[in-house]
Amino acid sequence: MEQWIKELENSCQRTGCRCIQGEALSRHTTFRVGGCADLFAEAFNAEQAAALWREAKNQAIPLRVLGKGSNLLVSDSGVSGLVLHLAPSEKSIVRENNVVRAWAGEALCALCSYALGEGLSGLEFAYGIPGSVGGAVYMNAGAYGGEIKDRLLWVRYLDESGEEHVSSAEELDLSYRHSFFTGKQCLILEAAFTLEEGDRETIKAKMDDVMERRRSKQPLEYPNAGSTFKRPEGAFASALIDGCGLKGHRVGGACVSQKHAGFLINDQKGSCCDILELIRQVQEIVREQTGFTLEREVEYWE
């Protein structure tokens, strides 16, 4: 392991990436839990990310890609191999007429704010979603009647062998919290979105309304990973959980939010084990009382 860590550290130096051994992943997830990574490297653009990806693949090093860690639960014991963090950087969003393209590591909220500044409408629904552009594409993020697939034009990515591709949105099998990338070892580098010109004040008003609805209905004051469960066909996860009387249900330092039953929160410095057990108990109780099976939306690393 020492040899591949040294080689990757050298690669980081060549490309200008930041590299840390034994970085605590709790610092990089919105749940604020997770052990250490053998090696943690930050890439600030597509070229850096692609170089590290190919280096790790060539050496058969276990590899995981991290955006803003907003839909992620990491084991208390950490993960082996390389965690490649796609980090925001300056001038990573570019407008070409009514198409806006962005580096995968850029925050989705920053993309929405950029569109507002350019007087471009279409991404208001995504304002406040706490993920990265790449993460939003990976899971076809959505809220308040909109989804990434509604505006996505194309995606540039590396496949499992390191070959680069550009695929249109129509080729990416986009559906509810799913894409072509789901469960695959691909590296999303860049995405482009089709927007339309609009009135800045109207766009801002829509964004402010979305953010206010988030603040009023979601427990944003506590560490969480958004909606913990996918919406089951024919029902809503939060309504099922609430109907089972599970608001406030606790395991260790984690509990079901009193404000929004679809959110599990880490309000008392809980562990990953606490959250996993809470997820299991909620799934079991909901299944026993309603017959619905709740599928976890949050990704788990171990």
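Reader: What should I know about the numbering and the model?
Author: Residues are numbered from 1 along each chain as its sequence is written, and side-chain values use heavy atoms, with hydrogens and water left out. This is a predicted model, in which local features need pLDDT of at least 70 and side-chain atom pairs count only at pLDDT 80 or more, while totals for chains, interfaces and linings use all residues.

Reader: What is the strand order in the open sheet of five strands?
Author: The order is S6-S7-S13-S11-S12, and the pairing is antiparallel. Strands (E, at least two residues) and helices (H or I, at least four) are DSSP runs, numbered from the N terminus; two strands pair if DSSP finds at least two bridges between them.

Reader: Which are the edge strands?
Author: Strand S6 (93-96) and strand S12 (164-168), each of which pairs on one side only.

Reader: And how are neighbouring strands turned against each other?
Author: By 20° on average, direction ignored. Axes are lines fitted to C-alpha atoms, for helices over the stretch in contact, and angles run from 0 to 180 degrees between N-to-C directions.

Reader: How many bridges join S11 and S13?
Author: Six, in the antiparallel sense, between residues 152-158 of S11 and 187-194 of S13. Arg-156 stands opposite Glu-190 in S13.

Reader: Which strands does helix H2 lie across?
Author: Helix H2 (residues 46-58) lies across S7 (99-103), S11, S12 and S13, and runs at about 150° to S13. Helix H3 (residues 108-117) lies across S6, S7 and S13, at about 35° to S6.

Reader: Switching to Trp-4: buried or exposed?
Author: Trp-4, in helix H1 (residues 2-15), counts as buried because its relative accessibility is 15%. Buried means under 20% relative accessible area, exposed over 50%, partly exposed in between (1.4 Å probe, protein chains only).

Reader: What does Trp-4 touch?
Author: Not counting residues up to four places away in sequence, Trp-4 touches Asp-38, Leu-39, Gln-59, Ile-61, Gly-81 and Leu-82. Contact means heavy atoms within 4.5 Å. The C-alpha atoms of Trp-4 and Leu-82 are separated by 9.9 Å, with the two residues 78 apart along the chain.

Reader: Where is Ala-60 found?
Author: In the loop between H2 and strand S3 (63-66). Ala-60 is not a glycine, yet has a positive phi of about 55°. Its relative accessible area is 67%, so Ala-60 is exposed.

Reader: What about the phi of Lys-91?
Author: Positive, about 55°, although Lys-91 is not a glycine. Lys-91 sits in the loop between strand S5 (79-86) and S6, and is exposed, with a relative accessible area of 81%.
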